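Biologist: I've got this one open on my screen. Can you walk me through it?

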Amino acid sequence: MAAMGEFLIFGGGASMPAFRKSECRIVKMSAWHRSVRRQRMQASSGAPSLGAGDNDHRVQSALRKRERTRKRILDATVRVFVRRGDDMPVIEDVVREAGISRGTFYQHFPSLDDALRAASTGMNERMIAEILPLYDCLKEPWQRAAVGFRLFLIRAWQDPDWAAFVTRMNAWPRDSLVATYMARDLERGSGLGQFHIDDAQTACDFLMGASAGGIQGVRSGVADPHAYMDISVRMALQSLGCSTELRERGVEFSRRHLDEWISGQRLAWRPLAGSGREDHEIEDEA
């Protein structure tokens, strides 16, 4: 009996060493053998061989399918992570939520920690892309600081799953885009005399921690979310050494600038995890 990955060749052929009809040899099925065999089968059946265009289409289709599966795994990871609360999820939870096999999961991520880090990085980059139209049009550092701080709190208020995820993860490490933008604004604001800080990196770390605390507060529930946001923005600007006048201008400006988002008339982002069961096709790759 031939072993797995082997096949029996009887007789000879022009492209292989000839054998006597009575002789049987076990030959390893190399990539070359498989290719020759496939070509012969296509020729005998009259089926057309794949051209360069067909191969390219198949490669692109496979890449799109792989990307859809990866996104499904990341979305499932976030939903499970949020839903489990203080209990750390395991791979079986993610596999069940995503509707895939363990083998498919490991084709994309070597561990659950890697999937969590990828989900956190993707969330960070996606939020930056979504809020840039609201934030990048502002030129004054005090405006950017006030609007940026309020944006995090509005997001937590409108998207509790996002708030739960970022408060459990180190969502904004020092090399994240959020931290990079903030540090640049603090440096520039200090140079313009709007902020009075001893060190921009320390101030950035402090504000990131305050943002996380504010997000957790909004997620836990506050009596008046809008008043909570006003006070938070005011205290954030105070921590940067802004004058009383500039603090009040920051509170008012950020509220007015984000009025449609504060009122819920518009969303600056898509919900983090979605419904969890997208309509597009996801096939098990295992």
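Predicted model: local features only at pLDDT ≥ 70, side-chain atom pairs only at ≥ 80, totals over all residues.

Biologist: What is the average pLDDT of the protein?

Modeller: The mean pLDDT is 76. Of the residues, 69% score at least 70.

Biologist: Where is confidence lowest, and where is it highest?

Modeller: Strand 1, residues 6–10, has the lowest confidence, with a mean of 35. Helix 10, residues 225–239, has the highest, at 96. Residues 1–32 have a pLDDT below 50. In the model that stretch still has 38 contacts beyond near neighbours in sequence. Residues 274–284 also fall below 50, and they have 21 such contacts.

Biologist: OK. How many helices and strands are there?

Modeller: The protein has twelve helices and two strands.

Biologist: How much of the protein is buried?

Modeller: Buried residues account for 41% of the 286 residues.

Biologist: And what share of the contacts join residues at least 24 apart?

Modeller: That share is 67%, counted among contacts between residues at least 6 apart in sequence.

Biologist: Now helix packing. At what angle do helix 6 and helix 8 cross?

Modeller: Roughly 150 degrees, and their axes come within 9 Å. Helix 6 covers residues 141–158 and helix 8 covers residues 177–191. Helix 6 is therefore roughly antiparallel to helix 8. The crossing is left-handed.

Biologist: Which residues make that contact between helix 6 and helix 8?

Modeller: Helix 6 brings Pro141, Arg144 and Phe152. From helix 8 come Val178, Tyr181, Asp185, Arg188 and Gly189. By type, four of the residues in this contact are nonpolar, one is polar and three are charged.

Biologist: Helix 8 packs on helix 9 as well. At what angle?

Modeller: About 130 degrees, with the axes 9 Å apart. That makes helix 8 oblique to helix 9. Helix 8 passes helix 9 in a right-handed crossing.

Biologist: Which residues meet there?

Modeller: Val178, Ala179, Met182, Ala183, Leu186 and Glu187 are on the helix 8 side. On the helix 9 side are Ala200, Ala203, Cys204, Leu207 and Met208. This contact has ten nonpolar residues, no polar ones and one charged. Val178 of helix 8 also takes part in the contact with helix 6.

Biologist: And how do helix 7 and helix 9 cross?

Modeller: At roughly 135 degrees, with axes that come within 9 Å. Helix 7 is residues 160–168 and helix 9 is residues 200–220. The two are therefore oblique to each other. Helix 7 passes helix 9 in a left-handed crossing.

Biologist: Who touches whom?

Modeller: Helix 7 uses Pro160, Trp162, Ala163, Ala164, Val166 and Thr167. Helix 9 uses Ala212, Ile215, Gln216 and Arg219. Seven residues in this contact are nonpolar, two are polar and one is charged.

Biologist: Change of topic. Why is helix 3 largely enclosed by the rest of the structure?

Modeller: Because six of its eight residues, in the run 91–98, are buried. They are Ile91, Asp93, Val94, Val95, Glu97 and Ala98.

Biologist: What comes just after helix 3?

Modeller: Gly99 does, with a positive phi of about 70 degrees.

Biologist: Back to helix 10. Is Met229 buried or exposed?

Modeller: Met229 lies in helix 10. Its relative accessibility is 0%, so Met229 counts as buried.

Biologist: What does Met229 touch?

Modeller: Leaving aside residues up to four places away in sequence, Met229 touches Arg150, Leu153, Ile154 and Trp157. There is also a C-alpha distance for Met229 and Phe149, at 8.8 Å. Those two are 80 residues apart along the chain.

Biologist: Last one. Is Gln143 buried or exposed?

Modeller: Gln143 is buried, at a relative accessible area of 15%. The cut-off for buried is under 20%. Gln143 lies in helix 6.

Biologist: And which residues does Gln143 touch?

Modeller: Leu138 and Phe253, again not counting residues up to four places away in sequence.

Terms used. Residues numbered from 1 in each chain as written. Heavy atoms only, no water. pLDDT = per-residue confidence, 0-100. Helix = DSSP H or I, 4+ residues; strand = E, 2+ residues; numbered from the N terminus. Contact = heavy atoms within 4.5 Å. Buried < 20%, exposed > 50% of the residue type's maximum accessible area, 1.4 Å probe, protein only. Axes fitted to C-alpha atoms, helices over the stretch in contact; angles between N-to-C directions. Parallel < 35°, antiparallel > 145°, perpendicular 65-115°, else oblique. Left-handed = near helix turned anticlockwise from the far one by under 90°. Nonpolar A, V, L, I, M, F, W, Y, C, P; charged D, E, K, R; others polar.
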